[in-house]
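Colleague: Good morning. Could you take me through this structure, one topic at a time?

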Amino acid sequence: MPDATNRLFAVACMDCRRNLLTVERIRDREIAVLVDHLRACSARERLGDTPMLGDVMACVRVAAVAQA
Ligand SMILES: [Zn+2]
């Protein structure tokens, strides 16, 4: 595996700024974690029963993490 693919993304909540996930890829399971946090954390009523990915991502901050 080339090192170039070895990249992580840190996903943080925009409201409380807590780091929620550090993952290689954001998949359904990760989205579910984010939705759970956003529902518990924020006063936002944006997220419905089946939130769109764009709505979820609008509530979090994603940053690339350089691995040592
Ligand atoms: Zn939060």
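This is a predicted model: local features need pLDDT of at least 70, side-chain atom pairs count only at pLDDT 80 or more; totals for chains, interfaces and linings use all residues.

Colleague: How many residues of S1 are buried?

Modeller: Five of its six residues are buried, so S1 is largely enclosed by the rest of the structure.

Colleague: Let me step back. How many helices and strands are there in the protein chain?

Modeller: The protein chain has two helices and three strands. Their order along the sequence is β-β-α-α-β. Of the 68 residues in the chain, 28% are buried. Among contacts with a separation of 6 or more, 45% are between residues 24 or more positions apart.

Colleague: Turning to the metal, which residues coordinate the zinc ion?

Modeller: The zinc ion is coordinated by Cys13 through SG, Cys16 through SG, His37 through NE2 and Cys41 through SG, at 2.0 to 2.4 Å. Along the chain these donors follow the spacing C-x2-C-x20-H-x3-C. Cysteine 16 and histidine 37 form a pair that links distant parts of the chain, 21 residues apart. Cysteine 16 lies in the loop between S1 (8-13) and S2 (19-23), while histidine 37 belongs to helix H1 (residues 28-41).

Colleague: Why is the arrangement around the zinc ion called tetrahedral?

Modeller: The four donor atoms subtend angles of 105 to 116° around the zinc ion, and therefore the arrangement is tetrahedral. The ideal angle for four tetrahedral donors is 109.5 degrees.

Colleague: Is histidine 37 buried or exposed?

Modeller: Histidine 37 is buried, with a relative accessible area of 13%; the cut-off for buried is under 20%. Cysteine 16, at 32%, is partly exposed.

Colleague: What else can you say about the hairpin of S1 and S2?

Modeller: It has five residues between the strands, and arginine 17 takes a positive phi near 65° there. Methionine 14 is also found in the loop between S1 and S2. With a relative accessibility of 34%, methionine 14 counts as partly exposed. The C-alpha atom of methionine 14 is separated by 5.8 Å from that of cysteine 59, although these residues are 45 apart along the chain.

Colleague: One more topic: how many residues does the largest nonpolar core have?

Modeller: That core has 13 residues, and those with the most contacts inside it are Leu20, Leu21, Leu34, Leu38, Val56 and Val60. S1, S2 and H1 are the elements that give two or more residues to this core. H1 contributes the largest share, four residues. In soluble globular proteins, nonpolar side chains tend to be buried together.

Colleague: Which residues is leucine 21 in contact with, leaving aside its neighbours within four places in sequence?

Modeller: Leucine 21 is in contact with Phe9, Ala10, Val11, Glu30, Val33 and Leu34.

Colleague: Finally, what is the accessible surface of the protein chain?

Modeller: The accessible surface comes to about 5100 Å², of which 50% belongs to carbon and sulfur atoms.

Definitions and conventions:
Residues are numbered from 1 along each chain as its sequence is written. Side-chain values use heavy atoms; hydrogens and water are left out. Donors are N, O and S atoms within 2.8 Å of the metal (3.2 Å for Na, K and Ca); water is not among the atoms, so sites may look incomplete. Four donors count as tetrahedral if all angles lie between 85 and 135 degrees; four count as square planar and six as octahedral if opposite donors are over 155 degrees apart and all others between 65 and 115; anything else is irregular. Buried means under 20% relative accessible area, exposed over 50%, partly exposed in between (1.4 Å probe, protein chains only). Two strands pair if DSSP finds at least two bridges between them. Contact means heavy atoms within 4.5 Å. Accessible areas come from the Shrake-Rupley method with a 1.4 Å probe; for residues, only the protein chains shown count as cover. A nonpolar core is a set of buried Ala, Val, Leu, Ile, Met, Phe, Trp, Tyr and Cys residues joined through side-chain atoms within 4.5 Å.
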